[in-house]
Number of protein chains: 4
Amino acid sequence: MTITSEVGNVIAEMRRQVCELHTHLTQYELVIWTAGNVSARVPGRELMVIKPSGAEYDSLTPADMVVCDLYGNLVDGNLNPSSDTAAHAYVYRHMPEVGGVVHTHSTYATAWAARGEPIPCVLTMIADEFGGDIPVGPFALIGDDSIGRGIVETLRDSRSPAVLMRNHGPFTIGRTARDAVKAAVMVEDVARTVHISRQLGTAPPLDPADVTALFERYQNVYGQTAPSDIQETQR
Amino acid sequence: MTITSEVGNVIAEMRRQVCELHTHLTQYELVIWTAGNVSARVPGRELMVIKPSGAEYDSLTPADMVVCDLYGNLVDGNLNPSSDTAAHAYVYRHMPEVGGVVHTHSTYATAWAARGEPIPCVLTMIADEFGGDIPVGPFALIGDDSIGRGIVETLRDSRSPAVLMRNHGPFTIGRTARDAVKAAVMVEDVARTVHISRQLGTAPPLDPADVTALFERYQNVYGQTAPSDIQETQR
Amino acid sequence: MTITSEVGNVIAEMRRQVCELHTHLTQYELVIWTAGNVSARVPGRELMVIKPSGAEYDSLTPADMVVCDLYGNLVDGNLNPSSDTAAHAYVYRHMPEVGGVVHTHSTYATAWAARGEPIPCVLTMIADEFGGDIPVGPFALIGDDSIGRGIVETLRDSRSPAVLMRNHGPFTIGRTARDAVKAAVMVEDVARTVHISRQLGTAPPLDPADVTALFERYQNVYGQTAPSDIQETQR
Amino acid sequence: MTITSEVGNVIAEMRRQVCELHTHLTQYELVIWTAGNVSARVPGRELMVIKPSGAEYDSLTPADMVVCDLYGNLVDGNLNPSSDTAAHAYVYRHMPEVGGVVHTHSTYATAWAARGEPIPCVLTMIADEFGGDIPVGPFALIGDDSIGRGIVETLRDSRSPAVLMRNHGPFTIGRTARDAVKAAVMVEDVARTVHISRQLGTAPPLDPADVTALFERYQNVYGQTAPSDIQETQR
């Protein structure tokens, strides 16, 4: 595959964006050392931009970001792609509405994942962002399509943009890579809050009708522009 | 409503102050992403200044702050007001002594709110600042006056400047916006300390007479000037 | 009392040191907002230097530091002294070997204090620094000598430089103010570690003979110079 | 022993590297005050470079780093070596494949150590980095070879680069000092995640065959170059 000058400009901009989005993973302490990764689909192309494998966050540059096709093959870049590239690629192949994928081992979300327990929808913020309980995906070994398949099968029929992969950690998706990063930040936050609440008792779940009312309002009213507006993702 | 030049100067200064007060929410990790908001009443006017909806903390500027009337209608500003504006407005309409309102989803305070459990007054610092247990308010959906009414009905007859809204999170009030921010910082701090203490046993509550003695001393003696002195809020 | 030029130079230097030591309280997140305070005895004088009441950490300057006599009366300074000044003064009057006092409401130490439970000596680091269990002091109201007396009565016959005042928080002492700050940092650290360990079981206590061996070694061998060397406090 | 000009250049570079590696200990909050230390073996020499005793992290300079022989005797440097030098030296004498050693009192790892409980392999990240449960070493007093012997006897036949020394804290080893620092960061991270998961239930352990598959893949495939490539350690 050849990268033409036009798509080259788009990819240069996406490398910059994907690189910058990684700063949220360290800002919110979702990752340590070189763990975790963000990717973005190149719009209208069978391509994705993803973090290189084993790279430290402090020294990441846009030029380090790797371009792969949607089977995880290297298309452009000087470094090996993330060891989770196959999982990201599988999601892009099977969920065309997804424009970004994020994976972390963030502490509280991973703690729920280790027990294989969904995060119950006991907070308005969970209803707003996840539209219900945050589901658990299967245990899957790295190295083939198992992780990607587990993500897709869990999230395909869910309102939730986050899945807790058993004994592993959270993966999040979004219409854009920024939305997927936001979901990664929020899944850790609610995983922490509900964990702490549960330590001293059980919080009552929200009524399903209230969950739907909150979800639909948040998805459509919150923020400065309608979700279909491209500007929304740039603020 | 027209904003005259004189009130315009006051509002410009309040936009600066409200914008700056938001930095405490991130400094003390009370908020993530775009969640949370601070507002201030414009003294002597039926107006309030509040954070815009869905805006990121790192890039907030005074000019982004939105001016609304006390029914939440936009009066001046380029962005949509916070989705919690109706709740803030209800508080200003019904509690004339309140000059500032803060809302966060801070972790430990929200954990108590999720269980619907008041924070017991087992620390001198709780007696100082809250004058007793920190109360729980009702569950209320966003979108009408329900949240505001729940805040006012809970706090009207309480010494506490903080209420834990069920399945949602804390709202705090103050004579000034800065006082409300201080209460937001302190409610999370004591929510955390009492939670941790409770994990390994039950702390004995303070004697009500001691609570009153501590509260009255702190409200009147602590700091550099009397509470009625405007300088106090500028230090 | 008149401050001569000579003692004035000493006090200017101590104001600088005491001001700077407060930065450790925020660095290690031992305090929020304006809570907490550090003081130092002026060597060879019946004077102490202490933080002003209700002052924010970010804007503390050496000139803000207040000079009091050892009964808490203001001797020099433009601001009111800390509301805990009487407790610091009582310690200096009754423990001539003490050169510095620190008070915080740090989360984990305060959680043990709320339950009135000593921190058991289950770590070599507790043996090193505290020489045994970290003791609990009585509940005492602010406003007279009660807090100071509780500190002195608890620590007078203890190896520990820290006391957990019931329903209140830790006070620490040291040969120098810097030593007292170190003890404040370490009491929170071990309070946190032992709390977390205890959540999932009970750690076996160290053998008293081992505690003594560790304490004596650490007090005499650790670091770069003997404890009696003034240089030690400047590194 | 004389340090020739050639080995002098190597040691100058190692002083710089060892000094810089200490910044990770503060970045990830693995240490407080002056606790904790990193050392590195000088390749091809019976020498090690280690942090001085009782030195603060903020002011560490390469020139402060101390050169010792593998019995802990001072060879070059102006300060006393770390009080844990004997333990590091013992490891270098008995494990020739080890190029770096790190010791911290990081909170969660030390909490497991206080109870004397291994961290179970319930996360893919533990399988990747530690190849199984993270083992506990014996209680040992400082001052002779007891700590070093406990580390070596525990790790010699383990895949794990980390040992939880009873009532004390973690020690980690690595092919390089950077690898040992990475292990120190990761042992705290997984100690925290598994602790939190365990608070609300028990996570199922991974299948031993899966652990081996994950460990071997991570050790050989992850990152940018093969583990035997010296460049790997510089990224």
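## A buried arginine in chain D

D:Arg15 is buried, its relative accessible area being 13%, and this value, like the others in this report, comes from a predicted model. The partner of D:Arg15 in a salt bridge is D:Asp76, and the closest N and O atoms of the two residues are 3.1 Å apart. The bridge links distant parts of the chain, since D:Arg15 belongs to helix 1 (residues 5–27) of chain D while D:Asp76 belongs to strand 4 (residues 74–76) of chain D, 61 residues apart. D:Asp76 has a relative accessible area of 32% and is therefore partly exposed, whereas D:Arg15 is buried.

## A bridge within one helix

Chain D also holds a salt bridge between D:Asp189 and D:Arg192, in which the closest N and O atoms are 3.2 Å apart. Both residues lie in helix 6 (residues 177–199) of chain D, where they are three residues apart, or about one turn of the helix.

The two partners of this bridge can also be described by their accessibility. D:Asp189 has a relative accessibility of 5% and counts as buried, while D:Arg192, with a relative accessible area of 23%, is partly exposed.

## Salt bridges in chain A

In chain A, the side chains of A:Arg93 and A:Asp145 meet in a salt bridge with an N to O distance of 3.5 Å. A:Arg93 lies in helix 2 (residues 85–94) of chain A and A:Asp145 in the loop between strand 6 (136–137) and helix 5 (146–155) of chain A, so this pair ties together parts that are 52 residues apart in sequence. A:Arg93 counts as partly exposed at 25% relative accessibility, and A:Asp145 is partly exposed as well, with a relative accessible area of 29%.

Chain A also contains a network of salt bridges, in which A:Glu13, A:Arg16 and A:Glu20 are linked. When the whole structure is searched, 40 salt bridges are found over all chains.

## Cysteines without disulfides

For disulfides, the count over all chains comes to zero.

How values were computed. Residues are numbered from 1 along each chain as its sequence is written. Chains are lettered from A and ligands numbered from 1 in the order in which they are written. This is a predicted model: local features need pLDDT of at least 70, side-chain atom pairs count only at pLDDT 80 or more; totals for chains, interfaces and linings use all residues. Side-chain values use heavy atoms; hydrogens and water are left out. A salt bridge is a side-chain nitrogen of Lys or Arg within 4 Å of a carboxyl oxygen of Asp or Glu. Helices (H or I, at least four residues) and strands (E, at least two) are DSSP runs, numbered from the N terminus. Buried means under 20% relative accessible area, exposed over 50%, partly exposed in between (1.4 Å probe, protein chains only). A disulfide is a pair of cysteine sulfur atoms within 2.5 Å.
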